[in-house]
Amino acid sequence: MKMDRKQFESVMNTLCPPELAESWDNCGYQIRIGSGEIRRVLVALEVTGEVIDEAVRTEADLILTHHPLIFGGITSVDDNNITERMIIRLIKSDISVFSCHTSFDKVPGGNNDYLGKILGFEDVRPVDEDGFLRKGILPAAVKFAGFKEHAAEVLGVDKSFFSAVGDPESVILTAAWCTGSGAEYMRAAVDQGCDLFITGDLKYHDAQNAKAMGLCVLDAGHFGTENIFTPNMAELLSKELKRKGIRCDIIQSTIDINPFV
């Protein structure tokens, strides 16, 4: 069975129920071009000029991202603006864009569950009402320094991009985490009796608070904790399309969009 843009939205709403998205978020279609068949989907963390090049090169009809392309209102479209210039190019190239942001952070099997899985945690479960924070236990205790090495390897990010708070010799067994920017959940991690909290975008004062609370924190970066979206979403989408008998090629972006490289 072939798939059009309306059917694709239905599939995505099954994978990432829109009601899970935060009220301030912008999930769903960012750009919806035409009503023809979607034959090829490019999955990427976000849209950049290089990702658009890749979509054109691979003849993708749609780019599926975690980070929304359009965030906040647009009152005009000006090619001097980076985002709006990308919008113009995407429309000219007949490429739609669909984003699932906070809905995929919260949903079972989404970003936060997947991060716990690839880091090797067991008994992974949500520990807060809004669905972002996860908690898990390692099969065996390790030193913080060793865990940092392990995280860099499985996330595919050089450890030089990581920041850490706490004694490298501290013993880690139980951790909580929130992909992207989740420093607001550090207190909850302490209340849960965790040895370690993992997130990205840790600020100076957050680090000082963590140190004062005696909590080890690994800032693996916004990119480092969320670039896992691409393989995870590609696999989940492929399985859902196969289950529904829908024919569509799913391509994982190979572009390294880490701006700190």
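In the predicted model, M233 is in contact with M12, L15, C16, V43, L64, C100 and F104, when residues up to four places away in sequence are not counted. M233 also belongs to the largest nonpolar core, which has 65 residues, and within this core the members that touch the most others are F8, M12, V41, L64, M233 and L237. Apart from this core there is a second, separate one of 16 residues, whose members include L133, V165, A176 and L202.

Aromatic side chains were examined next, and seven aromatic pairs were counted. One of them joins Y29 and F98 in an edge-to-face arrangement, with 5.0 Å from centre to centre and 85° between the planes. Because Y29 lies in strand β1 whereas F98 lies in strand β4 (residues 96-99), this pair ties together parts that are 69 residues apart in sequence. Both partners fall under the 20% limit that defines a buried residue, since the relative accessible area of Y29 is 17% and that of F98 is 3%. Together with F8, the residues Y29 and F98 form one aromatic cluster, and F8 is also among the residues that touch the most other members of the largest nonpolar core.

The strands that carry Y29 and F98 are part of an open sheet of five strands, arranged in the order β1-β4-β3-β2-β11 with mixed pairing. Its edges are formed by β1 (28-31) and β11 (249-252), each of which pairs on one side only. On average, and with direction ignored, neighbouring strands of this sheet are turned by 25° against each other. At one end of the order, strand β2 (residues 40-44) pairs with β11 in the parallel sense over four bridges, and here R40 stands opposite D249 of β11.

With a relative accessible area of 55%, E59 is exposed. E59 and I95 are separated by 36 residues in sequence, while their C-alpha atoms are 9.0 Å apart in space. Helix α2 itself packs against helix α3 (residues 82-92) at an angle of about 5°, the two axes being 11 Å apart, so that α2 is roughly parallel to α3. The contact brings G49, I52, D53 and V56 of α2 together with M86, R89 and L90 of α3.

Another open sheet consists of six strands in the order β5-β6-β8-β9-β10-β7, and its pairing is likewise mixed. The edge positions are taken by β5 (122-126) and β7 (163-165), and because each has a single partner strand, one side of each is left without a neighbour in the sheet. Neighbouring strands of this sheet, again with direction ignored, are turned by 25° against each other on average.

Terms used
Residues numbered from 1 in each chain as written. Predicted model: local features only at pLDDT ≥ 70, side-chain atom pairs only at ≥ 80, totals over all residues. Heavy atoms only, no water. Pairing = 2+ DSSP bridges. Helix = DSSP H or I, 4+ residues; strand = E, 2+ residues; numbered from the N terminus. Axes fitted to C-alpha atoms, helices over the stretch in contact; angles between N-to-C directions. Core = buried A, V, L, I, M, F, W, Y, C linked by side-chain atoms within 4.5 Å. Buried < 20%, exposed > 50% of the residue type's maximum accessible area, 1.4 Å probe, protein only. Contact = heavy atoms within 4.5 Å. Phe/Tyr/Trp six-rings, centres within 6.5 Å; stacked < 30°, edge-to-face > 60°. Parallel < 35°, antiparallel > 145°, perpendicular 65-115°, else oblique.
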